[in-house]
Amino acid sequence: MRLAMIGLGRMGANIARRLMLGQHEIVAFDRDPAAIAALVEDGAAAAASLEDIVAKLAAPRIFWVMLPAGAPTEDTVNRLMELSDPGDIIIDGGNSFYKDDVRRAAAARERQFHYVDVGTSGGVWGLERGYCMMIGGDKETVDLLDPIFDTLAPGYGSIVRTQGRNAPDDRAERGYIHAGPTGAGHFVKMVHNGIEYGLMQAYAEGFDILKGKASEKVPPEERFEIDLPDVAEVWRRGSVISSWLLDLCAIGLAKDPALEQFTGHVSDSGEGQWTIDAAMEEAVPAYVLSAALFARYRSRVDHTFGDKLLSAMRFGFGGHVEMPQ
């Protein structure tokens, strides 16, 4: 299929590259000419503007928008609807708030456009590993786009199939789902990120406790010098708490056991807060996820070793660099 990729940051550029490896054609656009040039070297066609993108695609056009949530995405979606034709498809693959998707989809329907939201997980590793995708939109449009999602997804890989699962639709096992109508994809991804906060916080606090066992606050006879890289490594192998996040902990600690490159100032993308907002709307208790979000707020005024590990994990899976203080 031929589609436009608008926004060539860490995720957008690699999504485009994985699609090209799967024989899809990409028309690439970004405000940074260097980002476009880098993708052209890998086989993409360059676009100089949104108008140029529209001219280089045949109807029904497919626009994949991979921009920060909020005004950048909002303005781009509105502009695309002004420039293109009814029947064209706009995909928002960033981290938009699901209620914004619901509103934008209603506006798109009035103008006879199709709007699809894709919650995308995979970070900077997605080009190699594939992307886990949670998709919202009408069935006909999502089915039309299936070759794109199938190319981006990890596939069965080496993961053992779930015992007792015999669902006729195997897309979940291949790494993507049609979660429901517009907004459902980003809603599922939002909760995914809220859970991610909780898991990361649990690792961070656990390793902080291990490190603190050597503290002068502990009686001398009870002090232990725990080798944190060794602990992370052994937990990766056969432990019930093994995970990709633990793998990233092990990588970070192996490179720098003191995590000196990190300050422990932990940012958030907003999805943790949106998850807590949803829990409040639904009257669902969310103790761990709330505490994990507030811990990130606290990290911006008082840093711990655990906060440094959080930053190391965020850098590991998403290339997130700590914001200046």
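Biologist: Gln112 counts as exposed, at 55% relative accessibility (exposed means over 50% relative accessible area, buried under 20% and partly exposed in between, with a 1.4 Å probe and protein chains only). Where does Gln112 lie?

Modeller: This is a predicted model, in which local features need pLDDT of at least 70 and side-chain atom pairs count only at pLDDT 80 or more, whereas totals for chains, interfaces and linings use all residues. Residues are numbered from 1 along each chain as its sequence is written, and side-chain values use heavy atoms, with hydrogens and water left out. Phi of Gln112 is near 65°, a positive value in a residue other than glycine. With helices (H or I, at least four residues) and strands (E, at least two) taken as DSSP runs numbered from the N terminus, Gln112 lies in the loop between helix H5 (98-110) and strand E6 (114-121).

Biologist: What phi does Gln23 have, although it is not a glycine?

Modeller: Most residues other than glycine have a negative phi. Gln23 sits in the loop between H1 and strand E2 (25-29), and it is exposed, with a relative accessible area of 67%. Its phi is positive, at about 75°.

Biologist: How many disulfides does a search of the whole structure find?

Modeller: A disulfide is a covalent bond between the sulfur atoms of two cysteines, and it is taken here as a pair of cysteine sulfur atoms within 2.5 Å. For Cys132 the closest cysteine sulfur is in Cys249, 20 Å away, and therefore too far for a bond. Cys132 is partly exposed at 35% relative accessibility, while Cys249 is buried at 0%. The search of the whole structure gives a count of 0.

Biologist: Is Ile6 buried or exposed?

Modeller: Ile6 lies in strand E1 (residues 2-6). Leaving aside neighbours within four places in sequence, its contacts (heavy atoms within 4.5 Å) include Phe29, Leu50, Ile53, Trp64 and Leu80. With a relative accessible area of 3%, Ile6 is buried.

Biologist: What distance separates the C-alpha atoms of Ile90 and Phe63?

Modeller: Ile90 has its place in strand E5 (residues 89-92) and counts as buried at 1% relative accessibility. Not counting residues up to four places away in sequence, Ile90 touches Phe63 and Val65, and also Val77, Leu80, Met81, His114, Tyr115 and Val116. Although Ile90 and Phe63 are 27 residues apart along the chain, their C-alpha atoms are separated by 4.9 Å.

Biologist: Which element gives the largest share of the lining of the second largest pocket?

Modeller: On a 1 Å grid over the protein atoms alone, a cavity is a set of points where a 1.4 Å probe fits but cannot get out, whereas a pocket is an open set with protein on both sides within 12 Å along at least five of seven lines, and lining residues have an atom within 4 Å of a point. The second largest pocket has a volume of about 210 Å³, that is, the space filled by probe spheres set on the grid points, which are joined across faces, edges and corners. The largest share, 4 residues, comes from H12.

Biologist: How many residues of the lining of the second largest pocket are charged?

Modeller: The lining includes Trp125, Leu248, Lys255, Asp256 and Phe315. Ala, Val, Leu, Ile, Met, Phe, Trp, Tyr, Cys and Pro count as nonpolar, Asp, Glu, Lys and Arg as charged, and the others, Gly among them, as polar. The lining divides into 7 nonpolar and 3 polar residues, with the charged ones numbering 2.
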